[in-house]
Protein chains: 2
Amino acid sequence: MESEIRERRIRLTVAYDGTNYHGWQIQDNGVTVESELNRALGELLGVPVKVEGASRTDAGVHAMGNVAVFDTASRMAAEKFAYALNHRLPEDIRILRSEEVPSDWHPRRVNSRKTYEYRIYRGEFPMPLKRLYTHFTYRPLDVERMRRAAQYLVGEHDFRSFCQTGAQVQSTVRTVYSLELEEQGPELVIRVCGNGFLYNMVRILAGTLMEVGQGKREPESMPDVLEARQRGAAGPTAPACGLTLVGYEFLQHFPQNFPN
Amino acid sequence: MESEIRERRIRLTVAYDGTNYHGWQIQDNGVTVESELNRALGELLGVPVKVEGASRTDAGVHAMGNVAVFDTASRMAAEKFAYALNHRLPEDIRILRSEEVPSDWHPRRVNSRKTYEYRIYRGEFPMPLKRLYTHFTYRPLDVERMRRAAQYLVGEHDFRSFCQTGAQVQSTVRTVYSLELEEQGPELVIRVCGNGFLYNMVRILAGTLMEVGQGKREPESMPDVLEARQRGAAGPTAPACGLTLVGYEFLQHFPQNFPN
């Protein structure tokens with residue numbers, strides 16, 4: 001009599017250079033991070049496998065710590081998946097950690113803190129070594145003005161003005177725990193931590209703060225931008241290459257209330 | 001009666017991502033930084049132009065401030081060459097500055113201070129966003145040991161042990177003004193400033209210091225390595241991708257004694 005095959009759920013922490021991918025989510029055409037992970041897992045395990053990702057990053061967006069889960073009956077030690085998958089992945093995708101989680105754990109159905117960085121390179125000309133991971137601007141930015149504007153965006157707000165139109169979500173209320181600007185020489189890093197982000201929200205935050213830094217908007221106008229609850233009230237969507245998903249902090253390991 | 005066409009000498013400060021180039025110097029096959037600069041200048045000026053570079057960096061080595069000169073009868077304002085050339089160069093090469101220099105000024109015939117950085121990424125797995133500009137190691141490095149070893153290498157020494165064999169030079173004596181190790185999170189930066197560097201010298205310095213950091217060599221063995229005056233006494237040549245020529249400081253604008 002055969003014993004039942006118990007499937008385990010494995011969680012992957014995934015880093016990637018998004019430059020050469022059509023984003024995370026599987027597309028009809030074009031290679032994506034998700035399709036590469038499924039391919040590598042299929043090759044490793046000999047059966048079709050589908051990962052479920054935490055964040056479906058857009059084309060060109062990078063990650064140092066996106067998260068995905070999959071189920072498998074394989075008896076391989078959970079921490080070995082990172083090594084085995086890295087052998088089968090291109091060098092612009094790396095599994096940084098693999099571990100077993102409860103079988104009902106899902107990265108989009110738990111409370112979490114998510115951190116993004118948006119990097120701006122300031123100079124007369126772009127720096128080739130930074131071109132893939134920063135957004136270049138030759139326009140001067142008043143960082144103190146940007147910091148003043150950022151303060152208005154921290155907290156629980158309806159961020160509908162910072163959501164790409166057409167996105168389907170139940171609620172556009174999100175909590176931004178922190179929104180900091182750090183100067184690293186010619187690079188200006190906008191670092192934002194929140195319980196969740198609407199579609200293109202970080203890139204629209206970055207585009208809006210850049211307009212504040214250029215003197216096109218007043219820092220004190222941010223409450224009005226939030227209040228307007230329409231995309232047109234905020235600034236442009238900053239380019240994808242400047243954005244990196246830094247990582248997740250999961251607040252508990254069982255399903256709970258979560259935004260959206 | 002025609003007035004004589006006076007040629008001016010223009011100095012370019014050049015940054016590049018060396019990933020996709022066969023180094024600086026023109027090769028029989030393969031695109032180089034020098035060949036791209038000559039092509040762009042030829043397109044801009046309508047006549048063949050040949051630049052003379054300060055440092056002939058190897059395949060895969062990066063630069064934030066290499067230097068080149070060329071002569072031209074063009075009346076274009078010197079500072080405009082940067083803009084005009086950047087329009088004609090691929091985005092992994094950028095001219096950061098263009099300026100007129102005396103017609104006998106040559107970047108390899110003046111005293112200069114040259115700064116290189118060798119970047120090491122330390123972790124269990126490589127970080128995709130850093131893979132092109134750092135050398136990855138999962139082996140622990142004792143940075144304090146590396147700092148102690150570095151102290152022995154500062155000053156005027158015969159660096160023949162740190163010179164790739166086969167290189168033809170008059171003298172292998174060089175002065176290292178400073179050799180510092182800086183930790184930037186998971187990145188370890190070896191920053192070295194000197195009056196000149198032998199072929200592969202910085203990469204051999206990095207490879208040797210890494211062996212010290214791994215406990216394979218004693219910091220106090222560095223005087224013996226110098227004394228040996230043979231390549232086999234030093235450590236391996238660290239990979240090209242970790243190396244970046246940060247820049248030059250020219251100590252005067254007229255020809256003088258210079259190493260080699």
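Mentor: Helix α3(B) passes α4(B) in a right-handed crossing (the near helix is turned clockwise from the far one by less than a right angle). The contact is made by B:Val143, B:Arg145, B:Met146, B:Ala149 and B:Ala150 on α3(B), and by B:Leu209, B:Val212 and B:Gly213 on α4(B); contact requires C-beta atoms, placed from the backbone, within 7 Å. This is a predicted model, in which local features need pLDDT of at least 70, side-chain atom pairs count only at pLDDT 80 or more, and totals for chains, interfaces and linings use all residues. Residues are numbered from 1 along each chain as its sequence is written, while chains are lettered from A and ligands numbered from 1 in the order in which they are written.

The axes of α3 (residues 143–151) and α4 (residues 201–213) of chain B come within 8 Å and cross at roughly 130 degrees, with axes fitted to C-alpha atoms over the stretch in contact and angles running from 0 to 180 degrees between N-to-C directions. Helices here are DSSP runs of H or I, at least four residues, and strands runs of E, at least two, numbered from the N terminus.

In α3(B), B:Met146, B:Ala149 and B:Ala150 are buried, with 20 or more other C-beta atoms within 10 Å of their own. Seen down the helix axis, the buried residues of α3(B) fall within an arc of 100 degrees, so they line one face; the arc is that of the directions from the axis to the C-beta atoms. On the other side, B:Glu144 and B:Gln151 are exposed (12 or fewer such atoms). The cover over the buried residues includes β8 (173–184), α4 and α5 (222–228) of chain B.

Notes:
Two residues are in contact if their C-beta atoms, placed from the backbone, lie within 7 Å.
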